[in-house]
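Visitor: Could we go through this structure together? I should like to begin with the terms and then turn to individual residues.

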Amino acid sequence: YDFNIKGELRHLDTNESFVFNYYKNAHEQNHKRYQVLGHLITKYVYELLERLCMLQKVYIPTDATEDEPRSFFFMSENALTTSSSLTVLLQDHGVFRAGQWGQRTIVSEGLEHGTQIPFIKRALQSHGGVIVLNPNDNFVDPKTEKERLSFSTREESLRQSMWCIPKRGSSSPEEHTLYVWDHFISKSAAKDVAFIAHGYGGLVFVDLLVQRKWEVMNKVYSVAFIDSRHNTQHQARSDPQTQAWIQQYCREWVLNSKPLDKAVGSLVKVNCPTVSAGTEKYGLAPSCCLPAVFKYLKSALKAK
């Protein structure tokens with residue numbers, strides 16, 4: 001398989017899309033095959049972030065010893081020094097890593113819909129800096145890559161996964177985001193920071209807001225939630241200031257059959273204005289609302 005000129009994943013000989021049930025009645029083997037593909041896609045997207053988007057890979061924790069397991073995230077060259085705006089991308093929870101909104105979406109719909117690359121390009125066009133978080137890179141797997149790419153049995157992989165070692169400062173999406181905030185974003189020259197958070201990423205952002213309340217409120221001018229899993233009341237523990245801030249500086253795009261950006265009455269959350277993502281498909285939500293998200297961030301920055 002490879003990505004064609006349109007960024008769609010196709011079989012090199014048959015030009016067909018990826019086949020999940022390749023082996024008849026062998027869920028285990030099919031799942032393993034998909035995992036191998038996912039691992040290769042992750043490596044490929046990392047490459048694109050560096051080669052196509054010219055982002056730099058930054059290893060954390062910054063004081064890691066030579067043999068200590070490290071995580072990393074990506075940022076544009078001028079992300080910390082530019083005084084113009086800074087956009088931070090925060091993805092959903094899952095097996096996928098930095099630069100991906102969703103692995104299944106990449107496989108079925110292509111790079112344009114499943115990766116964060118269109119968002120990164122758009123943010124860089126407006127001459128601001130970009131930080132791409134890597135919230136799901138939490139453990140180091142002692143297995144070698146060769147082993148990971150071979151079709152090991154389920155028992156074997158279960159036995160090995162018990163030996164996963166957490167990465168200091170990144171053992172959870174919340175910890176990773178807090179670490180990058182404390183050591184990079186909060187120290188950046190940018191006075192205007194925006195977050196674009198998808199799914200569980202929204203919950204992670206609100207966690208950061210609760211942990212670093214005044215810092216975040218002073219530096220972040222706007223947040224675009226895309227089908228977010230945060231819960232303002234529960235997470236902010238009824239703190240009126242936090243709730244008021246979310247109401248004023250955030251907007252959420254939710255799955256809905258209404259056209260993009262049309263207001264959607266939300267009964268559940270008393271948090272921020274809610275509008276339609278222009279799709280009912282979870283995996284397509286980010287790519288569908290990209291133009292609306294950047295239009296919103298632009299007007300929020302202007303208002304500020």
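Guide: Helices (H or I, at least four residues) and strands (E, at least two) are DSSP runs, numbered from the N terminus. This is a predicted model, in which local features need pLDDT of at least 70 and side-chain atom pairs count only at pLDDT 80 or more, while totals for chains, interfaces and linings use all residues. Residues are numbered from 1 along each chain as its sequence is written, and side-chain values use heavy atoms, with hydrogens and water left out.

Visitor: Where is asparagine 15, then?

Guide: Asparagine 15 sits in the loop between strand 2 (9-10) and helix 1 (27-51). Its phi is positive, about 65°, although asparagine 15 is not a glycine.

Visitor: Is asparagine 15 buried or exposed?

Guide: Asparagine 15 is exposed, as its relative accessible area is 53%. Buried means under 20% relative accessible area, exposed over 50%, and partly exposed in between (1.4 Å probe, protein chains only).

Visitor: What about the phi of asparagine 25?

Guide: Asparagine 25 has a positive phi of about 50° and is not a glycine either. Asparagine 25 lies in the loop between strand 2 and helix 1, and with a relative accessible area of 84% asparagine 25 is exposed.

Visitor: Let us step back. How many helices and strands does the protein chain have?

Guide: The protein chain has 12 helices and 12 strands. Along its principal axes, the C-alpha trace spans about 55 × 50 × 35 Å.

Visitor: Which residues does serine 170 contact?

Guide: Contact means heavy atoms within 4.5 Å. Leaving aside neighbours within four places in sequence, serine 170 is in contact with Ile60, Ser71, Asp137, Asn138, Glu175 and His176. Serine 170 is in the loop between strand 8 (165-166) and helix 7 (173-183), and at 0% relative accessibility serine 170 counts as buried.

Visitor: Ile60 is on that list. What kind of peptide bond joins isoleucine 60 and proline 61?

Guide: A cis peptide bond joins isoleucine 60 and proline 61, with omega about 0°. Proline 61 is placed in the loop between strand 3 (56-60) and strand 4 (71-75).

Visitor: Now isoleucine 106. Where is isoleucine 106 found?

Guide: Isoleucine 106 belongs to helix 2 (residues 103-109) and counts as buried at 0% relative accessibility. Beyond neighbours within four places in sequence, its contacts are Phe3, Ile41, Val45, Gln100, Leu111, Gly114 and Thr115. Isoleucine 106 and leucine 9 are 97 residues apart along the chain, and their C-alpha atoms are separated by 7.7 Å.

Visitor: What share of contacts across the chain joins residues at least 24 apart?

Guide: Among contacts between residues at least 6 apart in sequence, 70% join residues at least 24 apart.

Visitor: How far apart in space are arginine 237 and asparagine 15?

Guide: Arginine 237 and asparagine 15 are 52 Å apart in space, C-alpha to C-alpha, and 222 residues apart in sequence. Arginine 237 is found in the loop between helix 10 (232-235) and helix 11 (240-249). At 65% relative accessibility arginine 237 counts as exposed, and arginine 237 touches Val210 and Thr232, not counting residues up to four places away in sequence.

Visitor: Last topic: which residues of helix 8 are buried?

Guide: The buried residues of helix 8 are Tyr200, Gly201, Gly202, Val204, Phe205, Val206, Leu208 and Leu209. Helix 8 (residues 200-211) has 12 residues, which at 1.5 Å a residue should span 16 Å; its end C-alpha atoms are 17 Å apart, which agrees. The expected span of a helix is 1.5 Å times one less than its number of residues.
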